Amino acid sequence: MAAPGARGRSLSGLLPAQTSLEYALLDAVTQQEKDSLVYQYLQKVDGWEQDLSVPEFPEGLEWLNTEEPISVYKDLCGKIVVLDFFTYCCINCIHLLPDLHALEHTYSDKDGLLIIGVHSAKFPNEKVLDNIKSAVLRYNITHPMVNDADASLWQDLEVSCWPTLVILGPRGNMLFSLIGEGHKDKLFLYTSIALKYYKDRGQIRDNKIGIKLYKDSLPPSPLLFPGKVTVDQVTNRLVIADTGHHRILVVWKNGQIQYSIGGPNPGRKDGIFSESTFNSPQGVAIINNIIYVADTENHLIRKIDLEAEKVSTVAGIGIQGTDKEGGAKGEQQPISSPWDVVFGTSGSEVQRGDILWIAMAGTHQIWALLLDSGKLPKKNELTKGTCLRFAGSGNEENRNNAYPHKAGFAQPSGLSLASEDPWSCLFVADSESSTVRTVSLKDGAVKHLVGGERNPMNLFAFGDVDGVGINAKLQHPLGVTWDKKRSLLYVADSYNHKIKVVDPKTKNCTTLAGTGDTNNVTSSSFTESTFNEPGGLCIGENGQLLYVADTNNHQIKVMDLETKMVSVLPIFRSENAVVDGPFLVEKQKTLPKLPKSAPSIRLSPVTACAGQTLQFKLRLDLPSGSKLTEGVSSCWFLTAEGNEWLLQGQIATGDIDNISSQPTISLQIPDDCLSLEAIVSISVFLYYCSADSSACMMKAILFSQPLQITDTQQGCIAPVELRYVF
């Protein structure tokens, strides 16, 4: 089947018809009525004079879980296709994966259904194929995936947020879109009726798509994506969340395994160690031979009793909750994607460790589980087992406030406690706002420490900058740990592949270790060390050692804070068999590809002579109220296809840091000209946020400047203004 002709096509074309359908579905009572309404909708959409067709996947994109690249109008002809636009850091995207897994188990490509993940990155780190490979393994994604690194398909369809599902018919014709999580019923309704509708018309094919799972190519490893690590201060044992193996390891400080609980497959079962199962556990905390676990994808808090060798559930009901208040007993209280846990003490100070603080990533809040009766700041006495929200409105934002319930977090993923004065706070690694925040243990006030920016709605103020307070920039930090001995906070700056250190007194944030390179250096000095998306860290040996869960290197790194050396902790069983885990090497980054939707402006020809310098002044206007997203590389590029000699020795690329002070691009005509005519192209890529939305806009534009080169000396050439209003 031929690809569709050039016609503007976007999701907005579906909006009127699908909105009418969804209003009608609200009034439908029986399943038969709902099925009939969707069937009638498909008759209407299928009868349009021209399909609202999806563009072909651009050539050259990187694919995973397939034998070869997939074509919409060749391989997918005769299939109902679900395109999942996602980015792997996004908790809402992670929440959607179980729905897609369930759909895959219900219908296969032989039935006529195929799911394709379209990875459109938020953070620069997420554009790298090897990092996406790690996410595919972590989340057990088994359907085909394409790395839409330059967001070409995203922009062509005018996708606006993560996650977005687009359901296609057998001709590549768009049928439905679903934005955000929580649409499992509609997803199954729309796909099942689409399969029936097109089968009735003989348009569904049962040909198989060549699937080749990336995970099948990897060797075994003692650790697989370890997410968090903590230390038992009494025995110096380590507790490791071996997230990819769905288990908890308790190891001696030499790395020998004492207990392995759960795994290797995901599950949800309490009981003795040999029977117990977890699903992608993250945070761990240990006290008095009791371990508490953030069992993330089971939406549970689990308790491991090392003496009784039993696992039990203390909070959560096993399915994702939407409650943003809480207050029920733990086992009756639904929770959502707990990511980290840490012990605390209630205001009543009945005992040390009578509160379990929880980073509730799924609802963007900080919760508390009462391990004994006690009080939270400004709360009445609470009974043992109560599980409730402590800070965070539930809105995904970077909002600080003296009233904890009015503050806003964005996927809090790491916690550490500094109970002593003058700190008396929880430190929070707030991953999606790329900040570290504090929550007062005295009154619950939420304050900024480092990273981010002042606009609470801008979740794109990320980067890799050492500095003070808001001038420091992080990229999706996942872990924090407090060094009581030195009064310093260590941060797992995950997407910068570094360990940072923060002095909370001065708010100064500097790089402690990590070059930013992801190549795995197993033993080195701090300055030469490397990490790959480290997710957790903890202090041990009375402040001498910093243990790091080096997640994508599948290792626990040991940082000696006195000798400034980094080594790898060997993980082995009593028979001393050590197996080094695989590690991934970062692929070299390439220049962005200009989206098909980018406007192209041809400028009036300019005449210049050898040695003369041309200047191009950018004069680009964003929509009212918009601003460039800090930390994202808005940038420009000079190219001269077929006349590359023009650019030799020139500065051919640069960043755009401020829309109110845009750069001037210079081009000096070489003394030795190989042609008297040429075209210089200036490509501009802008990343910006609108005033009323936390979604990142990615826009591009191409200016083409024809040049006529002459031997005749020219007068001064006025700067060329490159104007455009987005």
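Between which two strands does the loop that holds Pro422 lie? Keep that question in mind while the whole chain is on screen, and note at the outset that this is a predicted model.

**The whole chain**

Start with a cartoon view, in which the chain shows six helices and 44 strands. The C-alpha trace spans about 85 × 65 × 55 Å along its principal axes. A compact globule of 726 residues would have a radius of gyration near 27 Å, and the chain agrees with this, since its own value is 27 Å. If you colour by accessibility, buried residues make up 59% of the 726 residues. Among contacts with a separation of 6 or more, 61% are between residues 24 or more positions apart.

Switch to a surface next: the accessible surface comes to about 28900 Å², and carbon and sulfur atoms account for 48% of that area. Colouring the charged side chains picks out 65 positive and 81 negative ones, with the centres of the two sets lying 4 Å apart.

**Cis peptide bonds**

Select Asp421 and Pro422, which are joined by a cis peptide bond with omega near 5 degrees. As for the opening question, Pro422 sits in the loop between strand 21 (412-418) and strand 22 (425-430).

Then move to Trp162 and Pro163, where the peptide bond is likewise cis, here with an omega of about -15 degrees. Pro163 belongs to the loop that runs between helix 5 (152-157) and strand 5 (164-168). These two sites deserve a selection of their own because most peptide bonds are trans.

**Positive phi angles**

Select His246, a residue other than glycine whose phi is positive, near 55 degrees. His246 is placed in the loop between strand 8 (238-242) and strand 9 (247-251), and with a relative accessibility of 10% it counts as buried.

Ser337 is the next stop, again a residue other than glycine with a positive phi, in this case near 45 degrees. The loop to display is the one between strand 16 (326-329) and strand 17 (338-344). Is Ser337 buried or exposed? Its relative accessible area is 2%, under the 20% limit, so Ser337 is buried.

Stay in the loop between strand 16 and strand 17, and select Gln333, which is found there too. Gln333 counts as buried at 2% relative accessibility. Show the residues around it, leaving aside neighbours within four places in sequence: Gln333 is in contact with Ala315, Gly316, Ile317, Asp323, Gly326, Gly327, Ala328, Trp367 and Cys387.

At 36% relative accessibility, Glu309 counts as partly exposed. Draw a distance to Ile261, 48 residues away along the chain, and the two C-alpha atoms are separated by 9.2 Å. Apart from residues up to four places away in sequence, Glu309 touches Tyr259, Gly271, Ile272 and Phe273.

Asn298 lies in the loop between strand 13 (290-295) and strand 14, and is buried, with a relative accessible area of 6%. Which residues does Asn298 touch, not counting those up to four places away in sequence? They are Gly267, Arg268, Phe278, Asn279, Gly318 and Ile319.

**Gly536**

Now select strand 31 (residues 536-540), where Gly536 is placed. Gly536 is buried, with a relative accessible area of 1%. Although Gly536 and Val229 are 307 residues apart along the chain, their C-alpha atoms are separated by 6.0 Å. Val229 is also one of the contacts of Gly536, which include Gly227, Lys228, Ala492, Tyr547, Val548 and Ala549, once neighbours within four places in sequence are set aside.

**Cysteines**

Finish by selecting Cys609 and Cys635. Cys609 is buried, with a relative accessible area of 2%, and Cys635 is buried as well, at 7%. How many disulfides does a search of the whole structure find? The search finds zero.

Notes
Residues numbered from 1 in each chain as written. Predicted model: local features only at pLDDT ≥ 70, side-chain atom pairs only at ≥ 80, totals over all residues. Heavy atoms only, no water. Disulfide = S-S within 2.5 Å. Buried < 20%, exposed > 50% of the residue type's maximum accessible area, 1.4 Å probe, protein only. Helix = DSSP H or I, 4+ residues; strand = E, 2+ residues; numbered from the N terminus. Rg over C-alpha atoms; globule rule 2.2 N^0.38 Å. Contact = heavy atoms within 4.5 Å. Areas by Shrake-Rupley, 256 points an atom, 1.4 Å probe, with all protein chains shown as cover. Lys, Arg positive; Asp, Glu negative; His and termini not counted. Charge placed at Lys NZ, Arg CZ, Asp CG, Glu CD.
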